[in-house]
Amino acid sequence: APPRTAPPTMLPGSPAPGHKVVSCLLLLSFTSVNVASGDFKDDASQIPEKDQGIDERQLDLKEIVFIIQSQRNSFHAKYAERRRDELLQQAASLEQTLPAVLLIHKLTENEGDWSILPLLPQLSASYGRNSSWIFFLEEETNLKITKLLQILRRFNKSKEWFLGKPLHDEESTIIHHYAFADNPTVFKYPDFTAGWALSIPLVNRLANKVKDEPLKSDFTIDLKHEIALYICENGKGPYLTPVPELCTEEEDSPRAANCATTLSASPPLCGDPVRKEDIFIAVKTCKKFHKERVPVVKKTWEKHAALIEYYSDLTDASIPTIDLGVPNTERGHCGKTFAILERFVSDAVPQTNWLVIVDDDTLISIPRLQKLLGCYDPTESVCLGERYGYGLGLGGYSYITGGGGMVFSKAAVGRLLVSGCRCYSNDAPDDMVLGMCFNALGVPVTHNPLFHQARPEDYAKDYLAHQVPISFHKHWNIDPVSVFHKWLADDKNDTLPPTPHRGTREDL
């Protein structure tokens, strides 16, 4: 059936295009979560008996607003557009009025839209009267619309609902500011890859809250956890209700028979893996870690790198290291990072399309990175890794967090250096300054969840189970060589045999 409504590409009342940069001294202060673990009960997300059963008011497809958590980079934009087209084809086969299927990166020009909360007032204004649900999904999420309709009809749409596949922490973790330290397993948050839903009554209330109370958290680190905290509001709002049919199983798996959402067994079509000779890798280190951390790099992933240099405050021929003339700093390392960028575009190193900057305690799979980079166009300004945000609710910026590895196309590095954007001090946080610079230039920061700022122990097991990770970071309380071989090693010639991780997908 032909569409009877045209899904909008930009929300009414969207702000005019522009890029805002927060210019201030940046101080990372971990937010304390003032919630007693006893307030969160395992049965808190059970559906009350009075709200069970099919909603007598039939739910029509047009009452669901689909939002794909898309990105501006051309590869991701095309991937999301294919997902939107596939959803609309499914919807047309049901011979109902077509629903709105929106791409986040096209809703407004606000860089912070990916953090969802700043969008809620506009979503409420546009869809708060004539819709019943907003369903969020990622570009890689396969969805069976008929099954989703069956799921949502189980819930009274006049109530506040927060639905998804639950994740939980096994131990308190730095990426969640050590929340619920007494019992971290008690708090559930959604796996975005499985899709998640908000009822319109909840969207409308949250939208009013965002308008009345400015968003407080300066840093956006793990959005799915932070959104769940914001919604539950210390027990005042709804907890996540688990929906078993929202899955991260592969679509052809027998376990996916009853799933409304699944993942594809194979990645989207990309180009051939990038040659390792076209990737220049810069390792940031310093004298005190030459004997502690650098040997781990050499025992694990260095052999897979064709072009690699170690940058330190001391020249050490045994590694070897290069002293860029920038004094070592206890934190930030902005001066060193910008010296690396300048060296990358100079004649001092071979000319390549890609630059990867890592810490000396970063564990990374170069072969997997080669496959991933086959999806991207190096003639575009690409800034890739695990995305964090600063001040997104107040016109801030996104940045690639450094520990998991920062990947830049040559075009991005050249554009940055020509702009004249620089550190305000040698010990400024390099990843955040880069984020400010790229934001000012209108260069999108591209998120990939396969890069990790922390250790495997710091992420939910079910979250890692459907990943083929590219990197982890930190050696704290772990054997980094064993971690590399368990999670990142693919090569038969590695010194330790790789240990298969049960439930992990075998391709990108």
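Tutor: A salt bridge is a side-chain nitrogen of Lys or Arg within 4 Å of a carboxyl oxygen of Asp or Glu. For charge, Lys and Arg count as positive and Asp and Glu as negative, while His and the chain ends are not counted. Buried means under 20% relative accessible area, exposed over 50%, and partly exposed in between (1.4 Å probe, protein chains only). Two ground rules: this is a predicted model, where local features need pLDDT of at least 70 and side-chain atom pairs count only at pLDDT 80 or more, while totals for chains, interfaces and linings use all residues. Residues are numbered from 1 along each chain as its sequence is written, and side-chain values use heavy atoms, with hydrogens and water left out.

Student: Okay, which side chain of opposite charge is nearest to Glu111, and how far away is it?

Tutor: That's Arg72, at 4.5 Å. Glu111 is buried, yet it has no salt bridge.

Student: Where does Glu111 lie?

Tutor: Elements come from DSSP runs, numbered from the N terminus: helices are H or I with at least four residues, strands are E with at least two. Glu111 is in the loop between α2 (104-107) and α3 (120-127).

Student: What polar contact does the side chain of Glu111 make?

Tutor: A polar contact is a pair of N or O atoms within 3.5 Å; within protein, one must be able to donate a hydrogen and the other to accept it, and residues adjacent in sequence count only if both atoms are side-chain atoms. Here the side chains of Glu111 and Ser398 are joined by one of 2.5 Å. For plain contact, meaning heavy atoms within 4.5 Å, Glu111 touches Tyr397, Ser398 and Asn439, leaving aside residues up to four places away in sequence.

Student: On to cysteines. How many disulfides does a search of the whole structure find?

Tutor: A disulfide is a pair of cysteine sulfur atoms within 2.5 Å, and the search turns up four. Number the bonded cysteines in sequence order and the pairing reads 1-2, 3-5, 4-7, 6-8.

Student: Is the link of Cys247 and Cys259 left-handed or right-handed?

Tutor: Left-handed, with -90° about the S-S bond. Cys247 sits in strand β11 (residues 246-250) and Cys259 in the loop between β11 and β12 (261-263), twelve residues apart. Their S to S distance is 2.1 Å, and both cysteines are buried.

Student: And what about Cys270 and Cys375: how far apart are their sulfur atoms?

Tutor: They're 2.0 Å apart. Cys270 lies in the loop between β12 and β13 (279-284) and Cys375 in the loop between α9 (366-373) and β18 (383-385), so this pair ties together parts that are 105 residues apart in sequence. The link is right-handed, with 90° about the S-S bond. Cys270 counts as partly exposed because its relative accessibility is 30%, whereas Cys375, at 17%, counts as buried.

Student: Why is the disulfide of Cys421 and Cys437 left-handed?

Tutor: Because the torsion about its S-S bond is about -80°. Cys421 lies in the loop between α10 (410-419) and α11 (430-441), and Cys437 in helix α11, so the pair ties together parts that are 16 residues apart in sequence. Cys421 is partly exposed at 24% relative accessibility, while Cys437 is buried with a relative accessible area of 2%.
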